[in-house]
Amino acid sequence: MPNPEVRYCTTDDGVRIAYVRFGRGIPLIHVPTIPWSHIELEWHVAEWRAWYERVSRMAEIIRYDCRGSGLSDRVVSDYSLDAHVRDIEAVARAAKLKKYVPFVVLHSAPVLIRYAALHPDEVSHLILWCSYAAAPQYTASKESQAFLNPGDQDWEIYIESLAHTRLGWSAGAPARRFARFLRHCVSQHGAHELIRVARLFDATPFLGQVKCPTLVLHREGLTWPSLDAAKRLVSGIPNAKLETIPGGSIMPWLDEVDPVITAIQRFLGIEENRRDPLVDDPRSHAFRTVLFTDIVGHTEMMSRLGDDKGRDVLREHERITREALSAYGGAEIKTMGDGFMASFASVTKAVECAIALQRAFVARQGGESLDIRVG
């Protein structure tokens, strides 16, 4: 999938907001996590790009940078809860959306709760990921205290610590890539101001005004925000349900991704289109080449490394494979944990991809060795 075109709209208080739209299906507004957002650089994070490609098979994604971050206006005077609500209003208006599903990760949940309460006729469903209604439910944890005042700390150390703490110190390459991404999302001063104001967010009074079906998703191994914060959301929103997801990553695009996709599909009553659109296009080639991969000794490796380290290796395997598929025009049909099934319009491209995969895993340095079979 090519990088989507960046567009701009203007809020009622004159702030220019950058947004993109891609995919097909039910409109889904992918709300950014205050203050870490950059809709252009996200596509250079392999795991994040793979997440968007998965979700875009079942929904049309509308993704934007919140005020003060990414490609949106960086110098802004108002970062209040209602100011962030105006960002969503401007994007929905510019995209000419009538009914849609907002999806939010972490810190922007109070904004989205307030928004859903104000726009009951537009929000058909609401999805809250590892979220909370009131900022103190997050900032009260001892783990969060070190990251509440970025303006008072060495910026580089702050960014590295935040990336590795949130993704896990064993995340390695994904955490380093995430740190590079965070540096470009927002300035140190901007992060300080956005977080300072966000610490005051409290959407608790609006929970009872959210009338749409709401899905609250939470990682089983995540301690901040805690599962109690998720339970408070469910108890406060009249038509909400809680579903826990295996793993410990704060990001839906890391750790166990398939259960996240399945939960969203079940909640919205839709199916993911795993097939290459060319397969269903009568103008496309009559024949397809199907590629299969398989990790040699997968079961033995997982037994030896354990679940956590084993999943780290599998995530790197997924990243390398998806990068090769993208480079050679392959369409991922499904992944089976230790292998992939993909479709190609060209036999030559499929063979070239198979060779590139073998070379990539041979060239991989450090950590657990990986051997794959390709058919």
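Two strands count as paired if DSSP finds at least two bridges between them; strands (E, at least two residues) and helices (H or I, at least four) are DSSP runs numbered from the N terminus. Here we work with a predicted model, where local features need pLDDT of at least 70, side-chain atom pairs count only at pLDDT 80 or more, and totals for chains, interfaces and linings use all residues. Residues are numbered from 1 along each chain as its sequence is written, and side-chain values use heavy atoms, with hydrogens and water left out.

**Exercise 1.** Find the partners of strand S9 (residues 289–295) and the direction of its side chains.

*Solution.* 
- Start with S11 (residues 340–344): S9 pairs with it in the antiparallel sense over 4 bridges, and valine 290 sits opposite serine 343.
- Turn to S12 (residues 372–374), also antiparallel to S9, over 3 bridges; here isoleucine 295 faces isoleucine 372.
- Buried means under 20% relative accessible area, exposed over 50%, and partly exposed in between (1.4 Å probe, protein chains only).

**Exercise 2.** Is histidine 107 buried or exposed, and which side chain does it contact?

*Solution.* 
- Locate histidine 107 in the loop between strand S5 (101–105) and helix H3 (109–118).
- Check its relative accessible area: at 14%, histidine 107 is buried.
- Its side chain makes a polar contact of 2.8 Å with that of tyrosine 132. Such a contact is a pair of N or O atoms within 3.5 Å; within protein, one must be able to donate a hydrogen and the other to accept it, and residues adjacent in sequence count only if both atoms are side-chain atoms.
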